[in-house]
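Here's a quick tour of a few spots worth a look. Load the model and follow along.

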Amino acid sequence: MTTTIPVEVVYAAGAVPVDLNNVFITHANPQGLVEEAEIAGYPRNLCAWIKGLYTITLQSDDIKTIIAVTQGDCSNTHALMETLEMAGVRVIPFAFPFDRDYDLLRLQMEKLMTALGTTWEEVYRAKARLDRVRRKVHELDRLTWQEDRVRGWDNHLFQVSCSDFEGNPEQFEKKVDDFLAQLPGRESLKTPLRLAYIGVPPIMDDLYDYLEERGARVVFNETQRQFTMPFQMEDLVEQYRRYSYPYGIFYRLEDIEQELKQRQVHGIIHYAQSFCYRQIEDLIVRKKLKYPILTLEGDKPNKLDARTKMRLDAFLDILR
């Protein structure tokens, strides 16, 4: 999968979902994957995530079918699909309707079900299986902002993993259970500054640690939280209508504003990936959200550079 899709359909079909983004960013050498795509002909001024997804797919012996989101994510996915098709990979398109139309979304889900060979009955059985795990991750998120017991990185990691449940919901559920079991004995994380992180997950893996070393903690991960389907919905189509990531910025902002107030944040980090159209949305975010905002841009998988660290330090000083 190139991003979060109705993963219930994949599990219902007896297949194993793999979020390529998670495989790419946790690879031993993600930068090497980007460079391999550039050697193959991908342009340098293109999102590193797309290049990483291309290489990780071709290097995997197990991945023969890709579900590519053609609407509601990156427009570069279209070219990614074509280059993967040329390499012999089966590509199944999936589109989130821009206007969140219920009937169009249901049609897309039914087309996916037909392509994978499953039924609504099996899909709803899979939904019950996954919702049990999601509820535990929702509790982990609550413990992050309400009881201050979970670090920003852990909050990010468990929530982002709900895109595919690491290919094994029961095994992932045990990992969540083990983590939650440790929390009652932990001291409260009393960081003076409470931050929100909005935008796509970061390509740098040391952002959360750096913030906490300086007395700030992320208590709201916008997109990662959406991967957990943080709403109790019996109707699967409605569940993916409520899921905000693939839809317009104004719909996303409704959820963001509500969570910012509830979680009592002091400031916002808005992350935008280099060469992504979502960078343009920053001007809307700044006009609509009445909070101090620092916009960060990431290019290739790496650690925070000196310039970004200096900007983070200055932002935290301002908030203090």
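## Ground rules

Buried means under 20% relative accessible area, exposed is over 50%, and partly exposed sits in between (1.4 Å probe, protein chains only). Helices (H or I, at least four residues) and strands (E, at least two) are DSSP runs, numbered from the N terminus.

This is a predicted model, where local features need pLDDT of at least 70, side-chain atom pairs count only at pLDDT 80 or more, and totals for chains, interfaces and linings use all residues. Residues are numbered from 1 along each chain as its sequence is written, and side-chain values use heavy atoms, with hydrogens and water left out.

## Helix α8 under cover

Helix α8 (residues 152-160) is largely enclosed by the rest of the structure, because 7 of its 9 residues are buried. Among them are D154, H156 and F158. The cover over the buried residues of α8 includes α7 (120-145), α9 (169-182), α10 and β4.

## Strands β3 and β4

Strand β4 (residues 216-221) has 6 of 6 residues buried, so this strand too is largely enclosed by the rest of the structure. Strand β3 (residues 193-199) runs parallel to β4, with 5 bridges joining them; DSSP must find at least two bridges for strands to pair. R194 has R217 in β4 as its bridge partner.

L283 belongs to helix α14 (residues 282-288). With a relative accessible area of 48%, L283 is partly exposed.

Conventions: Contact means heavy atoms within 4.5 Å.
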